[in-house]
Amino acid sequence: MDVTPIIDSLNDAQRQAVTSDNQHLLILAGAGSGKTRVLVHRMAWLIDVQQQSPQSILAVTFTNKAAREMRNRIENMLGIPTRSMWVGTFHGLAHRLLNHHWAEAGLQQNFQILDSDDQQRLVKRVIKDIGLDENRWPGRQAQWFINGQKDEGIRAKYVEDSDDPFIKTHRKIYLAYEEVCKANSLVDFGELLLRAHELLRDDENLLKHYQERFTNIMVDEFQDTNTIQYAWLRLLTGKSGSMMVVGDDDQSIYGWRGAKIENIQDFTATYPKAETIRLEQNYRSTGTILQAANAVISRNTGRLGKKLWTAEEGGDLISLYSAFNEVDEARFIADFVKRRFEQGNNYSESAVLYRSNAQSRVLEDAMLRANIPYRIYGGHRFYERLEIKNALGYLRLCLNRNDDQSFERVVNTPTRGIGNRTLEDVRTLAREQGISLWQSSVKLIEENLMSGRATNALNAFVELVTDLEASIKDKDLSEMAEQAINSAGLLEFHRAEKGEKGEARVENLLELVGACKSYEADDPDMDTLPQFLAQATLEAGDKQAEEHEDALQMMTFHSAKGLEFPLVVMSGMEENLFPHSMSAEEPGRLEEERRLAYVGITRAEKKLVMTYAECRRIYGEERTNAVSRFVRDVPGELVEEVRATVKRPAAPGTVRATGGSSRKFSTSDKGVDTGFELGQRVAHAKFGEGVILTFEGQGANARVQVNFNSAGAKWLVVSYARLEAI
DNA sequence: CAAACCGGGAAGGCA
DNA sequence: TCCCGGTTTG
């Protein structure tokens, strides 16, 4: 066997990881150290060199994107189809398992997956049904509680009863919620994992079967696993299996949603014979950036320890801009990005990161004003959109009449005169008789238990769904979708909506048909509708389109994980914002914030910019925050302050006296004051009168942007322009 | 049924 | 301050 292609391109640590014959491996993979590469090459090693079956591998990731990438790279490298391999997300694999063994898992064959939206609706209904005050017990909070318990692998009955009314009540809600889910075979995201774990734990034969099959278990982003996920992995690994976990404790940023950094920290305690390999060579960033990253993260305690290095020493200094306020900050970022663009870089090579979504608005404004195309990450994904969920709701109902979730969703969408009164009747009867909403409706109609008007309206709905089901029989997926959006009147409904919103929704509905078409093409001969529906819930769909458009990337620090950009701007680097004030109390949280900063820094390849505002409006209040400790942790010699002493008035356009808040800027290193201020009116020999907009640079190179009344905005070098204050 | 109105809440977001 | 969800009102 020629092993050259598998190990030749690897560095020593990577090669060691790929070829180790230790039973258990902990790969501490620093940012940009090629961890996916190691995972894929390891698979190639196992299959091609060790002659292990591809079937013996179970590789698990967190996001569909990561899973997809892994699949692609395996196929490219090994030239084998990955269909038969178990490569996927925790949830995807759990779903696969439950699909195969639905009966053993105590589910109906057509069990439904609830996304968090569905879950919240259901939780709210449960709270109402058991007679709790909805205002005192918000659904969101209860949902949070339930999911938190499930992450820990705790069923409702095992939640420790307590005198604390919070726990007492939420335990009650959890119990009731569990019951409804069980009765209707509903499975939320947390339940997928919990149920999959219980299935294996309680079914000896099944466990044995899978343990014998999956002798090679590989886990990506191990630092993000929660209790139940790790338990599931250990169960599958058993005594004889092999587990390779790849992760970076320094990039654990999801503790707040149940991830346990202890899993990676204590891995070698659980598996004492495990070999630990550190991937510390970074292929992404400049030496300067890595130094900054190392300096920031080194202040955390209890790290497994790792020091990134790169062959590419030096690099641009980190620019730090101290803004007057958040508007000034945004404008500076826009200018900076624009200049990069004018120097020949694509907008898509730059990313602006922020701690919380609320910050994006001001930034967006600035980009719009500067005519910079941008794309915001996050937000509603395709299958989470209202109109799409409605369309799928009709299809779900066709598949399963007793799907109360979908019934509630679409029964009066578009409005067809089935109001709350009528629905209350339907719900009441359903509850009393323990039947589904659909059955209840049919009964109410047949036995004529409601007013004529209500009966007619409800009957129209029942017939609509019945007809729809008949008409989509034996059709292709895309035809089904088309039929559904047409005959349910969804297209018409949204077309009638005024404004761009309606248009966008119509487009989305049409795109749904398109999405179905491509799904058909991928899986020509499967039981497609149920599969497609499950897939839609599990994958929610990436925000597609506009990929090819060159746009500035804007996102939170959290969603930047795993990405990289030549230029990264870390905005809002202020105490109380980042680290967020909410993290101040719990000690562990602060370390997590620090790791988040580390993640942010290590996204940058060539150039890193940090900005902060001395004054910022938050929730309508003006606040003054100190510069973030994470900025101060970066060694001074790595940083150049950009126009650090420059201040400008809050509102550009409306120039007015700025009182004491605006300081003078200097045009020399020695701090000689030129007497100019931002927003100040000046006169130029050639261009006439204008207003100072912006400054840049220091000393003899200092430039100002002046908006001249007649000549427009111009950049001028201060030392040559001979401006006069007016 | 839509528009107007009101009050509470506001970190991060994968499946 | 703004946004969301829920309620009231025309």
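Helix 14 spans residues 287-297 and is mostly covered, with 10 of its 11 residues buried. Helices (H or I, at least four residues) and strands (E, at least two) are DSSP runs numbered from the N terminus.

This is a predicted model in which local features need pLDDT of at least 70 and side-chain atom pairs count only at pLDDT 80 or more, while totals for chains, interfaces and linings use all residues. Residues are numbered from 1 along each chain as its sequence is written, and side-chain values use heavy atoms, with hydrogens and water left out.

Helix 2 (residues 12-19) and helix 3 (residues 35-49) have axes, which are lines fitted to C-alpha atoms over the stretch in contact, that come within 8 Å and cross at roughly 45°. Contact means heavy atoms within 4.5 Å; Gln14, Ala17, Val18 and Thr19 in helix 2 meet Arg37, Val38, His41, Arg42 and Trp45 in helix 3.

Glutamate 520 belongs to helix 24 (residues 499-522). Beyond its neighbours within four places in sequence, glutamate 520 is in contact with Asp476, Leu477, Ser478 and Glu479. Glutamate 520 is buried but has no salt bridge (a side-chain nitrogen of Lys or Arg within 4 Å of a carboxyl oxygen of Asp or Glu). The nearest side chain of opposite charge, lysine 517, is 6.9 Å away; Lys and Arg count as positive and Asp and Glu as negative, with His and the chain ends not counted.

Terms used:
Chains lettered and ligands numbered in written order. Buried < 20%, exposed > 50% of the residue type's maximum accessible area, 1.4 Å probe, protein only. Axes fitted to C-alpha atoms, helices over the stretch in contact; angles between N-to-C directions.
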